[in-house]
Amino acid sequence: MIELLGAWAPLLPVLFVALGGLGLMLVDALVKDKAELAMGTFVVLSLGAGLALGLWNEPVTAASTELFGGWVAADRLSLFLDVAICGGAALAALLGGGYLREHQLERGEFYVLVVFSAFGGMMLGRSSDVLTLFVALETLSLGVYGLVAFRRTSPRAAEGALKYFLLGSFASAILLYGSALLYGATGHTDFVGIAASIEAGDAETRLTILAMALMVVGLAFKVSAVPFHMWTPDAYEGAVTPATTFMAVVVKTAAFGVLLRVLFVVFGDDMLSAPSTGWPRVLGALAAITMLGGNLAAIVQRNVKRMLAYSSIAHAGYILVGIAAAASGPADAGWSETALSSVLYYLLAYTVSNVLAFGSLILAGSHGKEAVSYEDLAGLGRRHPAVALPFVLGILSLMGFPPTAGFFAKYYVLSAAMQMGTGMLWLVLVAVLSSAVGAYYYLRVLVFLFMKQPEPGAVVAVPMRSLYVVSALVLSGYFVLRMGLAPNAYLEFALEAARTFG
Amino acid sequence: MDIGLGTYLSLAAILFGIGAVGFLSRRGILLQLMSIEIMLNSVNLTLVAFNRWNPSSHAGQVFAFFVIAVAAAEAAVGLAILISFYRLKKTVESDRADLLKG
């Protein structure tokens, strides 16, 4: 199979997912039962993840390198991101299969948009030229705008989609202007060419720094770092919950993947990435306000989906700590592989934990009454312990409680930052303090699940029955526990991907 | 007056600024969409101007074509979302998008 593709082999996962998406569009026209599409989407995307794993030890041939030119990267980082993106999208599609049927929203577009957005995300993860970056980012974003607006009769969905679209396009325009200035400053559009030009001192310095600032701002919008996070809670709340899950896991993973590539490949120059004067400093500050802003705003939320949206903002802050740490070592030591691998491990752990939390929220409601507020969850643990169990596991993992994936994710990021010496100490302190604040709103979910009772006369949300949702929960629950009990294999996987940056 | 690279870049920067300020200050969603288009077109001007003064490859001009194509796709999706919003709320003012907050 691999020999058959020749030089195209490193692109196998992306090509497969793109063709799978085209196939699903045909199948959509033929089948009546749209839930079968959910299964098809799941199969296509998990095979995409499987192919990426299968290519892990395949050497990249010189023919491939020549074929892709500077446009597309063929390395382990892109395969790692493929696994995280396809895995997250596959689980979100399963959640969609249960949710859309229960709420009578079933239309095939949902799955097709999921597959093509995931394709955009995979391309974004391997983009190695500002042009590829822009086109892939728009492929991802345009699909997701559609997913948010999916429930056409809901004013909330339309409003969430509108806000997301307006701010998302604004951010793209800023990113694009940065790319154009970078092209002007260096005369190249491919990452390696730009980096070489900056390294050689050919680039116009002021223009390069301005371009870097614009690109970092544009990408900060996409990873929803404070103060560029305004769209996140609205879009997350307005979207149907499986689409929210997709945004939380896929869009964030892909955006962080490309942020890593942009920072460490394009702007990896000694001057631009100096710990005290370059972008690590800026990213550290961004991480601190993101963690504080996300966690503090999450406390006052009354809607669980909104709370999870702010929690995802806070998690973006923890990930940024890892990125800042990777470049904060001694001048001649290069990037810290430990810190980079902790960032990648965090992305995996974050993906499975969020699928678990959002999936449990989907499972807790049914047609007529969705579970959205804390009150809707009151007493659920007593009435339906089987529904509360995955919820507890997901919340504990997001909180960072051992033995879950989330615990080790936080632990690795913070210990990597600690190794960087006293310069990062304040950031670690902010991270620990803000996660202590975070424990309050996560525990509040558990309090409502087990210690409160619904108000007399209130409409109680009845859990739905769906094999699709249950299987997504079982899969993500397995990985949350597995990554928490035996994290070494996954950490090794992340470390091998982190070595891409050398 | 000598028309050089700087002239084009300044014009593009001014256009980008007009677009950004328009996006942030206007409340009509259609006007905000137009502001985004102005920003994208100022980027095109920047790219083409840089390519004119650095003609070793055509990367800048090719890039500009991609931006035009993507802007068209973006406008299509954006107007669809706008129509869906208008049907439900009977307005195209972004101030009236006030259901979701907190």
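**Salt bridges, rings and the A–B contact**

Q: How many salt bridges does a search of the whole structure find over all chains?
A: This is a predicted model, where local features need pLDDT of at least 70, side-chain atom pairs count only at pLDDT 80 or more, and totals for chains, interfaces and linings use all residues; side-chain values use heavy atoms, leaving out hydrogens and water. Residues are numbered from 1 along each chain as its sequence is written, while chains are lettered from A and ligands numbered from 1 in the order in which they are written. A salt bridge means a side-chain nitrogen of Lys or Arg within 4 Å of a carboxyl oxygen of Asp or Glu. Over all chains, the search turns up 15.

Q: Which residue forms a salt bridge with A:Arg261?
A: The closest N and O atoms of the A:Arg261 pair sit 3.0 Å apart. A:Arg261 is in helix H12 (residues 241-266) of chain A, and the partner is 186 residues away, in the loop between helix H4 (62-68) and helix H5 (76-102); helices are DSSP runs of H or I with at least four residues, numbered from the N terminus. The partner is A:Asp75.

Q: How many residues apart in sequence are the parts that A:Arg126 and A:Asp82 tie together?
A: These two form a salt bridge, with the closest N and O atoms 2.1 Å apart. A:Arg126 comes from the loop between helix H6 (109-125) and H7, A:Asp82 from helix H5, so the pair ties together parts at a sequence separation of 44 residues.

Q: Are A:Asp234 and A:Lys163 buried or exposed?
A: A salt bridge joins them, its closest N and O atoms 3.0 Å apart. A:Asp234 is in helix H11 and A:Lys163 in helix H8, 71 residues apart. Both A:Asp234 and A:Lys163 are buried.

Q: How are the rings of A:Phe408 and A:Tyr411 arranged, stacked or edge-to-face?
A: Rings of Phe, Tyr and Trp (its six-membered ring) pair if their centres lie within 6.5 Å, with planes under 30 degrees apart called stacked, over 60 edge-to-face and the rest tilted. That rule gives 25 aromatic pairs over all chains. In this one, the centres are 6.4 Å apart and the planes at 90°, so the pair is edge-to-face.

Q: Which helix holds both A:Phe408 and A:Tyr411?
A: At 18% relative accessibility A:Phe408 counts as buried, whereas A:Tyr411 is partly exposed at 45%. They are three residues apart, about one turn of the helix, and that helix is H18.

Q: How many salt bridges are there between chain A and chain B?
A: The contact (heavy atoms within 4.5 Å) takes 43 residues from chain A and 41 from chain B. About 3600 Å² is buried between the chains, 80% of it from carbon and sulfur atoms; buried area is the accessible area (1.4 Å probe) that two parts lose on being put together, summed over both. As for salt bridges between the two chains, the count is zero.

Q: Which helix gives the largest share of the side of chain A that touches chain B?
A: Helices H7 (130-148), H8 (155-186), H11 (231-238) and H14 (304-326) of chain A each supply at least two residues of that side. The largest share, 23 residues, comes from H8(A).

Note on methods
Buried means under 20% relative accessible area, exposed over 50%, partly exposed in between (1.4 Å probe, protein chains only).
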